[in-house]
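Hello,

Here is the structure we talked about handing over.

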Amino acid sequence: IQWKENLLHTQALEKATLEARYDTLRNQVNPHFLFNSLNTLLMLVSDNPVASKYVESISEIMRYMLQSRDKDAVLLRDELKIARDYVFIQQSRFGDKLIVDFDVPEKYYHYAIPPLALQMLLENAIKHNVVSKEDPLFVNVYINDGKYIVIENTLKAKIDKDPSTGVGLENIQSRYRYLAGKDIVLKQETGMFVVMLPLFEKAI
């Protein structure tokens, strides 16, 4: 009987230990913690306009991720704002080696888009292409024929790079099929890679 009690006690202790370790790991990547830390950092660098803008952009992206993580779709207006914040962060790193132009009239802001779709495509463009003084990366975001929002970038593939899994594009494609019953359009033209996301309306 004593042996069984000791065994049960040991198993309960092991379970409690594992749960504590799991909670610790989960808290280490808790977005609320990161978001609050960034707000504190923003106060500390308030006398530096460039640093303040940088931290504020990261903070806005974190806030957006928290607010949209349980949503299927968001307004294009909100997605564009976060995409611009993301570009600002990347341009702080690359300077004039990264040139991004947004040309999306406000009359299209009411359309819907899967959360972080634009950010993922911008990230892909930077991840897979050379961004240098000799070969700057140009990205254009614009509306095509009133039916698509287009993200196109100059194509200059990195020589040394990790093989692409295609998960990002597959993720966006799956969400579009689920939300709008439509496919995204991928095109590779002379020196350009183009992704066309269909515009659709959804109550949000």
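This is a predicted model: local features need pLDDT of at least 70, side-chain atom pairs count only at pLDDT 80 or more; totals for chains, interfaces and linings use all residues.

Residues are numbered from 1 along each chain as its sequence is written, and side-chain values use heavy atoms, with hydrogens and water left out.

Salt bridges

A salt bridge here is a side-chain nitrogen of Lys or Arg within 4 Å of a carboxyl oxygen of Asp or Glu. Eight are counted by this rule. One of them pairs K81 with E60 at 3.6 Å, N to O. This pair links distant parts of the chain, with K81 in helix 4 (residues 76-94) and E60 in helix 3, 21 residues apart. K81 also bridges to D85, where the closest N and O atoms are 3.3 Å apart. D85 and K81 are four residues apart in helix 4, about one turn.

For accessibility, buried means under 20% relative accessible area, exposed over 50%, and partly exposed in between (1.4 Å probe, protein chains only). D85 is buried because its relative accessibility is 6%. Through shared partners, salt bridges join K53, E60, R63, K81 and D85 into one network. K81, at 42%, is partly exposed.

S68

S68 belongs to helix 3 (residues 49-68); helices are DSSP runs of H or I, at least four residues, numbered from the N terminus. Its relative accessibility is 5%, so S68 counts as buried. Leaving out residues up to four places away in sequence, S68 touches V74 and P115 (contact means heavy atoms within 4.5 Å).

Regards

Methods: Helices (H or I, at least four residues) and strands (E, at least two) are DSSP runs, numbered from the N terminus.
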